[in-house]
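Here are some exercises to work through with the model open in your viewer. Try each task before you read its solution.

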Amino acid sequence: MNKPLRRVAVFCGLLVLALLLRVNYVQYVKADQLSNDPHNRRVAINQYKQPRGDIIVDGKAITGHTTTTGSDFKYKRTYTDGPMWAPVTGYASQAYSTTMLEGVEDKFLTGDDDRLFFNRTIDLLTGKEKQGGNVVTTLNAKAQAAAYHGLGKKKGAVVALDPRTGAILAMASTPSYDPGSFAGNSATDEKNWLALDKKNDPDDPTLNRALRQTYPPGSTFKLVTAAAALQSGKVTDIKQATNSPDPYTLPNTATKLVNEGSIPCRNASLENALKYSCNTVFGKLGADLGLDTMVKEAEQFGFNKQQFVPVRADASNFDTKMSPDQVALSSIGQFDTAATPLQMAMVASAIANNGTLMQPYEVDKLVAPNLSTISQTSPKVMSKPLSPDNAQKLQQMMETVVNSGTGTNARIPGVTVGGKTGTAQHGIGNKGLPYAWFVSYAKTDQGSPVAVAVVVEDASANRDDISGGGFAAPIAKSVMEAVLNK
Amino acid sequence: MSASNTTTITSIGAPNRRNTELALLLFAVAIPTYAFADAGLAKHGSVPAGLAEYGLGLGFLAGIAHLLVRKFAPYSDPLMLPIATLLNGLGLVLIWRLDQEPSITTPQLGGAMAPKQLIWSALGLALFAGVLVFLKDHRILQRYTYISMFLALLLLVSPIFFPARYGARIWITLPGIGSLQPGEFAKIIITVFFSGYLMVKRDALALASRRFMGLYLPRGRDLGPILVIWAMSMLILVFETDLGTSLLFFGLFVIMLYVATERTSWIVFGLVLSGAGAFVVGSTEPHVKVRVQDWLHPLALQNGGVTETAQSMYAFGSGGLFGSGLGQGYSRLIGGIAPKSDYILATVGEELGLAGLMAILLLYALLIERGIRTALAARDPFGKLLAIGLSGGFALQVFVVAGGVTGLIPLTGMTMPFLAQGGSSVIANWALVAILLRISDTARRPAPAPAPSPDAEATQVVRTQ
């Protein structure tokens, strides 16, 4: 009987071998995948096992933490002025994951980032708990407050940049939400979370309109068209009359493009066309410049590409395949042209910074728990959509708009301000309430410290009342003042 | 050297390895005691209150067992008792550690399990002692071949009269005592029956056969009774929806038939039958169908929630190479009492890591190896069959449970011997180890000294230098 016994022994050996191979596969080969699986609750437990690092504005933390009991999670995130800062911080919720800076810098805030390895090792040796690092932002608390309170109950967004560096100074989006209201995982948190869901709140408060919503830019896009005209050499003297009919018949169609109201647009100079916001002049300019020139200039300003600040911003759109009449419409910010508030702030900032577009960013530096700086963001040139000469010409035109054109509401005594209004129609047959835009910059002796883009989509206002100059310009003004008075 | 020594086996001085066993037992008691202290420190920051009692208690029980082995089975295998003690001790620590998780130790779930398990373990050791003391020779069991058959069938049938729990009908509930899993005992008793029956019939089964399609098929009259038993147990088990025990019994049956007859055709026959059986059960029984789906897609969400299967995979994966340390894992996320019973290995994997899990599996492998070695060394066919049946069944159980929990095969409702919470399992497995020790004692016992030969004495040559 011993021969079959030996074979049974081999068989049992194979069974054990199969088990050993399997456990090696599960606990070694698949270990990383399983331990980091988003459904593995240990991921969230570890995330909230120690206090998260803070997000810092102007040297003060806008986040905090509190301990919780009765759940797997030890610490809960708290927020100071949550709704105001929500587009910057996003949320870190025990039950609903993380977004925005809380999401992008999650590993650093929890202390799991590889760059904190040295700190962790020291903590391990000294028996201290793991600590999270801090994220120091570029934001300006006063500017942010001006933007958020300026928007008030209206729906819209504001982005302010420092044109010299690309640093984001303000980023507001309304209606907003309090990320602290669902930071835990209790029934209340769940109720608050569900109430914010788009299905239950058509205003979609958790949408970051500053980065993740594109709007038709309307007349503010004429800045890009003007830049293209100057850069291509099509226009060299901004005071020289252009050859522009009014109304302008779109190429190869019978459609007539008209202007809003009775404004002097026939053969208007580029400066006057921008001052009065002439559709006819810029529509014809766009069509004459042609698709390729317009696409090239728009993309120099950042269109058609996602931006990472380091939070992702949606790509703004300028179609790359169009017929000449569509190019004409796109050149006045209609047709398929769409831009995020961040994108239009980038346009204004490139002009204000004498033609050099700086890469926008909102994280100044990452600081380890022991306060040593782990990484510092240095300003980077993104592109040069305008030559300094042409940028100054465009600045002159934008300043005319504020001094004597449609943007007089943004005037600040003693400060040079340039701007451009926009009123973008949308909806089927343009029946929707239009969006009010205003983009501007302020200039001092040390160059331009601030460029702002404001968009207001106010469903509660009269159609006629919505205009860039009326609604959006005062908000831009108070944001610029907040930065200047700092 | 004296020329009179014509025998190669002497009755005195043969190594019986009892001191080896004692030394190993010291480790088998020290390791769980240390683990207990470690788990307590991790959970509460202090050495657990019952540490001394636990260490001394485990040492006391192991000591009694050792003394009984010294007295009643002095030549038995020295490794089995320490391995079983170590596994049982570690099981108690793991259950105690999981008892410290309030979410899975609610009164509805039966409260703390470790104290009860300790009592069950003591009872198991009492049965171990009883077997060693009263079963003087394993061949006595041969007398009860047919009684064993009826007893095994009775035990297998009994749960049908009790309500199903967790989708399987494998428990009987005795008021005041708790619930028992009779299948655990039936496993041993049916092995006794198979051994007795096959020992008598093996020549007939092996030789009087017909050749059919290249395979030797035994005559119907030889095969009949055993096929009937098999079919009945299969039917009962399918009816009770306990796939694991069903697989175990069938595998046991095929292994023992193969060893008894030395005919490879049995393995082919067995694989065909089990394949067909698994297919039919797997495609008809909804409970089993769910298990197969869980196995194919372990991480799939169910109604938006994470399944037990996924939770156990996460526990294994999060353990990594060296584990989180006892008391520092989250295997409680599996929920219910499953982490203490079916999924106890998930806690091992997460908290002791790949290294600890492999060590535990190798302990089982070593125990199985000692059992098979006993079968090889046994001198009588009944002892050989009984030993291979018990250790082969043990191996299958370990494979089915560990394979099921780690996702190698679909999960079935069985418990890890010695490690998992469950009274029937720990008692039955102590009895199993006792029977194996009894067989190995007989197998390793030196042959009795030959009667002194006066002739040899007379012709003795004495060297005087």
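**Exercise 1.** Find the buried residues of α1(B), and work out what covers them.

Solution. Start with the list: Glu21(B), Leu25(B), Ala28(B), Val29(B), Pro32(B), Ala35(B), Phe36(B), Ala39(B) and Gly40(B) are the buried residues of α1(B). Buried here means 20 or more other C-beta atoms within 10 Å of a residue's own, exposed means 12 or fewer, and partly exposed is in between, with C-beta atoms placed from the backbone. Next, look at the cover: α2 and α3 of chain B are included in it. Then check the helix itself, residues 18-44 of chain B: its 27 residues reach 39 Å from the first C-alpha to the last, close to the 39 Å expected at 1.5 Å a residue. (The expected span is 1.5 Å times one less than the number of residues.) Finally, step just past the end of α1(B), where Gly45(B) has a positive phi of about 75°.

Some ground rules: this is a predicted model, where local features need pLDDT of at least 70 and side-chain atom pairs count only at pLDDT 80 or more, while totals for chains, interfaces and linings use all residues. Residues are numbered from 1 along each chain as its sequence is written, and chains are lettered from A and ligands numbered from 1 in the order in which they are written. Helices (H or I, at least four residues) and strands (E, at least two) are DSSP runs, numbered from the N terminus.

**Exercise 2.** Work out how α2(B) and α3(B) cross.

Solution. First get the geometry: the axes of α2 (residues 51-72) and α3 (residues 80-99) of chain B come within 11 Å and cross at roughly 160°. That makes the pair roughly antiparallel. (Angles under 35 degrees count as roughly parallel, over 145 as roughly antiparallel, 65 to 115 as roughly perpendicular and the rest as oblique; axes are lines fitted to C-alpha atoms, for helices over the stretch in contact, and angles run from 0 to 180 degrees between N-to-C directions.) Now pick out the contact: α2(B) brings Leu58(B), Ala62(B), Ala65(B), His66(B) and Val69(B), and α3(B) brings Leu81(B), Thr85(B) and Gly89(B). Two residues are in contact if their C-beta atoms, placed from the backbone, lie within 7 Å. Sort them by class and you get five nonpolar, three polar and no charged residues. For the classes, Ala, Val, Leu, Ile, Met, Phe, Trp, Tyr, Cys and Pro count as nonpolar, Asp, Glu, Lys and Arg as charged, and the others, Gly among them, as polar.

**Exercise 3.** Are α4(B) and α14(B) roughly parallel or roughly antiparallel?

Solution. Helices α4 (residues 114-134) and α14 (residues 423-444) of chain B pack at an angle of about 25°, with axes 8 Å apart. They are therefore roughly parallel. Their contact divides into 15 nonpolar, three polar and one charged residue.

**Exercise 4.** Where does Asp162(A) lie, and what does Asp162(A) touch?

Solution. Look in the loop between β8 (156-161) and β9 (168-174) of chain A. Asp162(A) is buried, with 24 other C-beta atoms within 10 Å. Leaving out residues up to four places away in sequence, Asp162(A) touches Ala167(A), Leu169(A), Pro449(A) and Val450(A). Pro449(A) is 287 residues away along the chain, yet the two C-alpha atoms are separated by 5.2 Å.
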